[in-house]
Amino acid sequence: MEISEIIQILLYIALLVMLTPVLGRFMTKVYMGKGHFMKPVLGWLEKFTYRLCSVDVQQEMDWKKYVSGLLIFNLFGFVIVFFLQLFQNQLPLNPQHLPNPSWHLSLNTAVSFMTNTNWQSYSGETTLSYLVQMLGLTVQNFVSAGTGMAVLLAVIRGLTAKTTKMLGNFWVDLTRSVLYILLPLSIIFSIVLVGQGVVQNFSHYTGSVTLEGATQVIPGGPAASQIAIKQLGTNGGGFFGTNSAHPFENPTPVSNFLEMLAILLIPAALTFTYGRFAGSNKQGWTLFIVMLILFTAGLMISLKSEFSMNPVFKTASNMEGKETRLGIANSVLWSVATTDASNGSVNAMEDSMTPLTGLIGMFNLMLGEIIFGGVGSGLYGMVVFIILTVFIAGLMVGRTPEYLGKRIEAFEVQMAILAVLAPCLIILVFSAIAVSTQQGLSGLSNSGPHGLSQILYAFSSGAGNNGSAFAGLSTNTVFYNLMLALAMLVGRFGVIIPVMAIAGNMSMKKITPPSSGTFRTDNWLFGILLIAVILIVGGLTFFPALALGPITEHFLMIGGISY
Amino acid sequence: MTNKNKIFTKSLVIKAVKAALLKLNPKTLIKNPVIFIVAIGAFITTFIFFTDLFGGQAASFDFQIAIWLWFTVLFANFSEAIAEGRGKAQAESLRKNRSETVANRLINGKIEVVSATLLRKGDIVVCDSGDLIPADGDVVEGIASVDESAITGESAPVIRESGGDRSAVTGGTKVISDRIVVKITSEPGDTFLDRMIMLVEGAKRQKTPNEIALTILLSGLTIIFLLAIVTLPTFFQYSLDASGNTSAHNLSLPVLISLLVCLIPTTIGGLLSAIGISGMDRLLRKNVIATSGKAIEAAGDVDVLLLDKTGTITLGNRMAVEFIPADGISEESLADAAQLSSLADETPEGRSIVILAKELYNIRGRQIHENASTFIPFTAQSRMSGVDIESHDGTLRRIRKGSTDSIKKFVENNNGFFPKKMTEVINNLARQGATPLVVADNDKVLGVIHLKDIVKGGIRQRFAQLRSMGIRTIMITGDNPLTAAAIAAEAGVDDFLAEAMPEDKLARIRKEQSLGHLVGMIGDGTNDAPALAQADVGIAMNTGTQAAREAGNMVDLDSNPTKLIEVVETGKQLLMTRGALTTFSIANDVAKYFAIIPAIASILYANKFGLGPLNALNIMHLSSPESAILSAVIFNALIIILLIPLAMKGVKYRPLPANSILLRNLLVYGLGGIITPFIGIKIIDLFLKLIS
């Protein structure tokens with residue numbers, strides 16, 4: 001590893017730490033409905049939106065109303081993206097006259113973007129028209145991220161409210177998330193990206209002849225605007241099939257650095273907002289540090305693995321599947337960030353990483369993407385682990401466990417278990433089906449433990465709403481399209497609904513004032529406990545499967561055998 | 001109550017073993033989902049062993065696994081049975097006291113002898129000395145000393161009298177002297193003794209809220225591990241195919257079941273009900289009966305304690321500590337007069353005055369008959385007491401001691417006056433939390449006796465401990481705010497409620513609860529009943545009224561107000577024990593994975609030496625795959641037995657802030673939980689190797 005690479009990683013972490021309170025404070029103001037500097041600029045648009053949709057800002061919702069609003073809204077988004085694809089050839093802005101994709105691919109893609117997964121069974125430039133990309137996918141990039149943020153907000157309110165049933169208004173939370181946070185950040189970011197050379201046009205693809213005499217098609221399109229939100233909104237669905245490895249998506253070292261930073265920016269800042277709502281910055285920072293420690297640990301293991309002597313290739317730097325422009329450290333940093341967050345964008349082939357890097361990525365997905373995680377979804381996923389930690393360890397101080405002064409009782413435990421169980425069930429059972437059926441196995445491009453890793457990774461990515469792929473698994477089949485669509489749905493709503501139920505139940509509880517007999521959740525001891533519970537509960541569930549996949553592969557590689 | 005502290009006595013163990021076998025009934029087992037899963041696993045493994053046996057290829061491995069799985073179930077049953085057994089033994093001794101008694105029922109002034117079981121609520125019975133009181137009731141007439149050792153274990157008889165706060169009598173206790181008339185307050189089968197028997201037997205034991213939540217967590221973890229194990233054969237088959245090892249078989253069912261049983265939280269699952277039962281049992285050993293397990297849990301959560309000043313914070317009685325004479329009076333003559341006025345005063349205050357005078361000036365208690373003297377007892381109207389002494393010259397000395405107001409009236413009636421300086425002294429004393437007692441001789445005020453509330457030794461440290469645990473103490477007293485503040489400061493309570501009326505207590509509890517606090521209190525009188533009912537933990541004293549005992553959710557048989565603090569500690573200990581064993585149980589899984597995963601995967605992608613890559617995970621260097629799996633299963637079963645004493649006694653309790661307790665428990669049960677099985681499994685593996 002070179003010194004410049006180390007400096008870059010340190011710079012990345014330092015910027016993340018510095019930007020967290022800045023953006024976090026701004027988001028607090030936005031969500032609390034207080035005055036902030038964007039209000040004079042976009043306030044009229046907010047009001048206009050409410051009038052247009054006849055939203056009553058004052059009307060608060062209980063958790064069931066909030067969830068049903070959210071479900072209806074998501075269903076509506078799904079229907080639009082689904083039909084836009086089915087009829088793209090009959091619709092405008094399709095200069096390449098791309099044909100209509102199959103129903104199962106359309107279904108998979110529509111679910112994928114609605115659930116903030118952005119799993120791509122399609123390849124952007126050869127499958128979807130500009131209209132679908134802009135009106136379908138980019139819009140979902142915004143609102144699926146906004147949905148995640150709204151859910152988090154309702155959860156925060158539930159955890160901090162004093163004996164009320166009301167968790168806020170879904171439409172207001174969604175509008176504010178998109179209008180004041182995602183939109184301005186994306187506009188600024190896409191302009192910066194255009195400045196770095198990311199394409200943004202409506203042109204036909206250009207044909208050219210290379211020096212060697214081969215013909216080449218150079219694609220174009222409104223890429224920069226989609227890439228900004230795909231990074232910021234932890235969406236990850238690239239404009240082009242090879243995602244951010246493509247020079248038009250990610251042309252320079254600066255664009256690469258910024259795109260990486262954008263992955264974790266909002267999820268990290270939300271921890272600060274969380275602390276603010278909880279009335280103690282320490283609560284937020286504790287979660288931030290827990291996430292940062294898990295992030296750094298994963299990064300170190302991956303870097304160590306990629307830079308170690310590889311007995312198969314007899315080299316100490318594994319360049320297979322990486323962009324020579326970007327190098328190893330940048331590819332690994334991206335890989336860890338994108339799997340920690342539910343982003344899923346890539347700038348290198350996960351498939352070609354060493355087994356341990358693949359293991360870290362897969363493990364990040366299996367934990368449910370809570371290390372920073374998706375915008376909103378990362379933190380509300382973390383809340384589930386917090387509740388489990390508080391319940392298990394909180395008993396040890398001799399009181400009924402409490403979080404933020406509210407008691408954790410049977411209902412909360414039940415819902416938290418459900419939220420952990422739903423994605424686990426999908427990952428394990430669907431992978432089991434895939435490795436035992438012809439349809440499942442036929443998609444594999446590698447044999448041995450690596451093949452198992454490909455399948456495990458695919459369903460972990462789907463259930464975790466990540467969207468990155470181990471590549472190498474051909475998933476545009478009826479089998480995988482439908483299985484993965486179901487995985488994405490359960491992974492998204494199988495967590496949102498129980499978490500919202502927790503919020504709804506917690507909101508009605510009394511708050512016990514803290515004392516020295518209170519189990520504290522804002523200090524290093526709790527941080528260590530939370531990490532331990534995440535690793536043990538997450539690890540124990542998937543250890544057998546992981547042992548037969550990447551762990552076996554790792555030991556085989558040390559023995560000089562690769563797959 | 002018998003105070004046996006040994007957990008395993010021979011007879012108890014024999015009974016518990018029998019009960020453990022009886023609990024194999026599926027209907028009983030299903031109440032504990034984790035152990036039920038183990039039982040199913042044991043059944044399947046046994047079935048496989050027998051089918052193989054008849055097929056002529058019995059595997060001793062399967063047999064051993066089956067045996068140890070059954071042991072796991074039995075050990076869990078045994079832990080519950082032994083906890084219940086201790087309660088049953090106590091119930092047995094209680095039941096002996098409930099032997100058929102006869103009652104003298106009073107109907108229209110006539111006494112008729114009926115069986116106690118025929119008594120109904122509202123009946124009137126007469127109990128003479130030597131009679132067993134037939135059922136719970138209130139004394140409506142008379143006063144008697146009663147032997148309550150049957151329920152309290154305390155051999156000294158107690159006084160029970162009509163009216164007031166000592167009117168409740170309990171069925172099964174014995175009248176020792178005198179005769180009382182009792183109005184029955186309970187229906188047959190629902191007496192205090194009956195309920196106590198049911199509680200200690202655990203017959204009516206319901207899962208507490210926290211226990212339910214924990215059971216859900218454990219069931220959830222069980223389902224997650226079930227998923228991990230059920231899907232494992234598919235991944236395994238894929239790996240077998242991929243490694244070209246087609247001759248090898250997929251994982252056998254007994255191996256999968258072993259892995260599952262090792263991973264699901266059997267330790268805490270097996271010990272959970274034993275922890276709950278023994279929590280109640282521990283409380284009972286402190287002579288406190290909780291009407292439900294829920295109340296014990298709530299006791300752990302209490303963060304505000306309402307404590308009566310008298311008896312809890314101060315010794316019951318005030319003591320004279322100083323004589324402060326008026327101008328022109330010597331201290332000695334004041335002491336002399338004070339002693340004279342108190343010679344016939346049998347109250348503790350009066351006695352303390354006599355003693356103080358003797359200590360300070362060596363004034364002896366004189367024979368009162370020597371002088372022609374008349375004692376004036378204390379009455380509520382006069383609010384003073386004293387003595388009239390006719391001296392040899394025929395003058396009459398009228399010495400009085402009493403409250404400021406009454407003495408002022410006394411001297412003014414005798415044409416004297418109340419000196420200004422005395423008023424100052426009196427106010428000063430009140431500010432210090434003391435009670436001034438003014439002494440007068442005819443028209444002259446002699447001075448003031450300083451009566452002081454004596455704060456119990458060690459109570460200040462106790463409150464400091466409670467504060468560090470996050471528990472706030474509020475002193476309840478009928479004193480005026482000035483006095484109350486001084487005592488509160490001396491005792492180190494956090495807050496006080498002065499001139500408290502019963503309804504003030506209730507209001508204060510409601511206020512604290514509305515702020516999110518959980519309140520515990522102890523009380524005895526009928527007028528305490530509403531507050532006892534309102535409090536999250538209300539402990540009624542056994543000497544108290546029936547109303548108070550009905551209203552509270554615990555009864556303290558010793559009637560010791562300090563007991564509240566011990567109850568809180570027991571509640572906390574119960575919750576801690578659950579948390580500690582849950583943490584231990586989950587942490588154990590790490591080692592079990594390192595034992596079993598390399599064992600089952602050793603054949604995958606094997607090299608020419610027959611070693612697969614996952615052997616690298618065999619960091620314990622267990623001798624063989626079979627031995628590794630067996631060792632993990634055996635460890636899993638034995639740890640339940642080894643932890644029974646801990647479950648029964650509870651984890652060690654220390655009055656410390658939450659953070660220190662957590663850190664300590666985490667090191668012991670979290671870190672310990674990770675390390676212990678590595679050592680345990682290795683030892684078992686070595687042992688198995690040795691005997692084979």
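Reader: Where is Tyr380(A), and what makes it count as buried?

Author: Tyr380(A) sits in helix 13 of chain A in this predicted model. Its relative accessibility is 2%. Buried means under 20%, so Tyr380(A) counts as buried.

Reader: Which residues does Tyr380(A) touch?

Author: Leaving out residues up to four places away in sequence, Tyr380(A) touches Gly148(A), Val151(A), Leu152(A), Val155(A), Arg492(A), Val495(A), Ile496(A) and Val499(A). Take Val155(A) from that list: Tyr380(A) and Val155(A) are 225 residues apart in sequence, yet their C-alpha atoms are 7.0 Å apart in space.

Reader: How do you know what share of the contacts in chain A joins residues at least 24 apart?

Author: Start with the contacts between residues at least 6 apart in sequence. Among those, 78% join residues at least 24 apart.

Reader: Why is Phe372(A) called buried, and what is its phi?

Author: Phe372(A) has a relative accessible area of 1%. The cut-off for buried is under 20%, so Phe372(A) is buried. Phe372(A) lies in the loop between helix 12 (355-366) and helix 13 of chain A. Its phi is about 70°, a positive value although Phe372(A) is not a glycine. For background, most residues other than glycine have a negative phi.

Reader: And Asn108(B): why does it count as buried or exposed?

Author: Asn108(B) has 77% relative accessibility. Exposed means over 50%, so Asn108(B) counts as exposed. You can find Asn108(B) in the loop between strand 1 (102-107) and strand 2 (110-115) of chain B. Asn108(B) also has a positive phi, near 50°, and is a residue other than glycine.

Reader: How much area do chain A and chain B bury between them?

Author: They bury about 5,200 Å², with 76% of it on carbon and sulfur atoms. In chain A, Met396(A), Leu540(A) and Leu548(A) lose the most area to chain B, together 14% of what that side buries. The contact takes 63 residues from chain A and 61 residues from chain B.

Reader: What makes the meeting of Asp301(B) and Arg407(A) a salt bridge?

Author: The side chains of Asp301(B) and Arg407(A) come to 2.3 Å, N to O. A salt bridge needs a side-chain nitrogen of Lys or Arg within 4 Å of a carboxyl oxygen of Asp or Glu, so this pair qualifies. The count between chain A and chain B is one salt bridge. There are also 16 residue pairs in polar contact between the two chains, both residues at pLDDT 80 or more.

Reader: Which helix gives the largest share of the side of chain A that touches chain B?

Author: Helix 18 of chain A does, with 15 residues. Helix 13 (377-394), helix 14 (410-436), helix 16 (448-463) and helix 18 (524-558) each supply at least two residues of that side. By class, the side of chain A that touches chain B has 41 nonpolar, 17 polar and five charged residues.

How values were computed
Residues numbered from 1 in each chain as written. Chains lettered and ligands numbered in written order. Heavy atoms only, no water. Contact = heavy atoms within 4.5 Å. Buried area = accessible area lost by both parts, 1.4 Å probe. Polar contact = N/O pair within 3.5 Å; in protein donor to acceptor, adjacent residues only side chain to side chain. Helix = DSSP H or I, 4+ residues; strand = E, 2+ residues; numbered from the N terminus. Nonpolar A, V, L, I, M, F, W, Y, C, P; charged D, E, K, R; others polar. Buried < 20%, exposed > 50% of the residue type's maximum accessible area, 1.4 Å probe, protein only.
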